[in-house]
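Have the viewer open as you read.

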Amino acid sequence: MDLASLGGNLLGTIPLGDIVLYLTPFHLFMFVVVLIFTVLIAMSRTETQVEASFKTLNDNKVSVGLEEFKIRRFLAIVCGLATAGAMITGDLFNFTLFATLIGIVNLGIVSAVKQIDVLDAAYNYGLIAMICSLPLFGGAAIILASTGTLSLFEIAKIATTAPMMTFGALLLLIGIAGETGTAPFFATKAEMFRTPGSPFILIIHLSSLMVIIRAIEIILIIIKVI
Amino acid sequence: MKGIGNLWNKLASPKRIPKLFSVALGLLLVIGFLIPMDLNVNQLYPRPIPQQQVEEGLAVAPYDRGGEVLKVPGITKAQYPENSKSIGWINSYMSPQALFVKSISPYFGTSIYSSPGGLIDEILYYTRGFDTILESSILMMSFTIASWLALNFTINRRKENFK
């Protein structure tokens, strides 16, 4: 599909050399939403989980220490900015880099938790994030080889889809699916949420949702099925 | 229906996910062997044909990108030339030492220290500079996380409340 039918009329571009960020109503909306959420998360404090104790009437409060709070807030802000960047970038390789940055920062947000289950899930997610660098960058490289360009503007102008482009887009899709933890690969990310520090944990979820929407749009630009 | 329930339960265990993911990726990569190869020759960042520059006898043989130091820009293509006005200048630059070695040795281009940056630098620092910023921020974030964990979980253990 062309850019206009996917995202609306082109409002403008931000040229950074060969990397041109582009603004359409769709991308601008997602960009602003992510930024608003990032600001809200940066301002908020963490929750305290209350666990009922066994055999007593006492409650066990699980809260986040100040040091942990600071590093988590920092990483959550970086994650929000990376997600916002992934929303408006107009370059395929740039997008994969943003996705990788989101992946590593997601891992960092839960890395300081002292809960074995969460750390175990985070470790498994880290394995997937490492494996994902192959399909993400490999997909971008294959698309570069078969089209000769990485700019989404130029790719959108190409009339036909070569089989290699479809394969590259599939690689990109499986990379994004692993990195964001969608349908069959959800367990690692879902387990990572079971930890105190709610608003910072939320950005993990939000970034996945936003990135997968953008990835589908990019894949529709590459594969001209409709 | 019981089978589907079992399947969902198995999928809910984080330990199985990396294996499942790598199997899925492996299958896709195997299918990739069946895809007909396709290379667009009109690449954005072209390279000369192997051995072409060696046979021409250029002094910086595999890495000669044309141009003249601080006089004529080298050969670099950009996707959007209107955004990169001074393209090619990094590409053609060589330090005085490099110029000296180039003048006395015909094998200058074959050693790693000789590569005058050239095309890679042009792409990394000029036409695709934003990628470089992102790549280094990925590295910075991983070092931040690793050093934070090292400081708080291995060095400053005395502060922790052991129960």
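Let's begin with A:Ala156, which touches A:Asp2, A:Leu3 and A:Ile221, leaving aside residues up to four places away in sequence; two residues are in contact if their C-beta atoms, placed from the backbone, lie within 7 Å. A:Ala156 and A:Asp2 are 154 residues apart in sequence, and their C-alpha atoms are 5.9 Å apart in space. A:Ala156 sits in helix H6 (residues 152–157) of chain A. Helices here are DSSP runs (H or I, at least four residues), numbered from the N terminus. With 17 other C-beta atoms within 10 Å, A:Ala156 is partly exposed, a class that falls between buried (20 or more such atoms) and exposed (12 or fewer).

A word on the source: this is a predicted model, in which local features need pLDDT of at least 70, side-chain atom pairs count only at pLDDT 80 or more, and totals for chains, interfaces and linings use all residues. Residues are numbered from 1 along each chain as its sequence is written, while chains are lettered from A and ligands numbered from 1 in the order in which they are written.

Helix H7 (residues 163–180) and helix H9 (residues 198–222) of chain A pack at about 175°, with axes 10 Å apart. H7(A) and H9(A) are therefore roughly antiparallel, the term for angles over 145 degrees between N-to-C directions. Among the residues making this contact are A:Leu172 of H7(A) and A:Val211 of H9(A).

Finally, how many residues does each chain bring to the contact between them? Chain B gives 43 residues and chain A gives 47 residues. On the side of chain B that touches chain A, H7(B) gives the most, with 13 residues.

The predictor's confidence is given below; pLDDT runs from 0 to 100 for each residue.

| Part | Mean pLDDT |
|---|---|
| Chain B | 81 |
| H6(B), lowest in chain B | 78 |
| H2(B), highest in chain B | 92 |

For the complex, the predictor gives an ipTM of 0.85 and a pTM of 0.88.

Definitions and conventions
Helices (H or I, at least four residues) and strands (E, at least two) are DSSP runs, numbered from the N terminus. Axes are lines fitted to C-alpha atoms, for helices over the stretch in contact, and angles run from 0 to 180 degrees between N-to-C directions. Angles under 35 degrees count as roughly parallel, over 145 as roughly antiparallel, 65 to 115 as roughly perpendicular and the rest as oblique.
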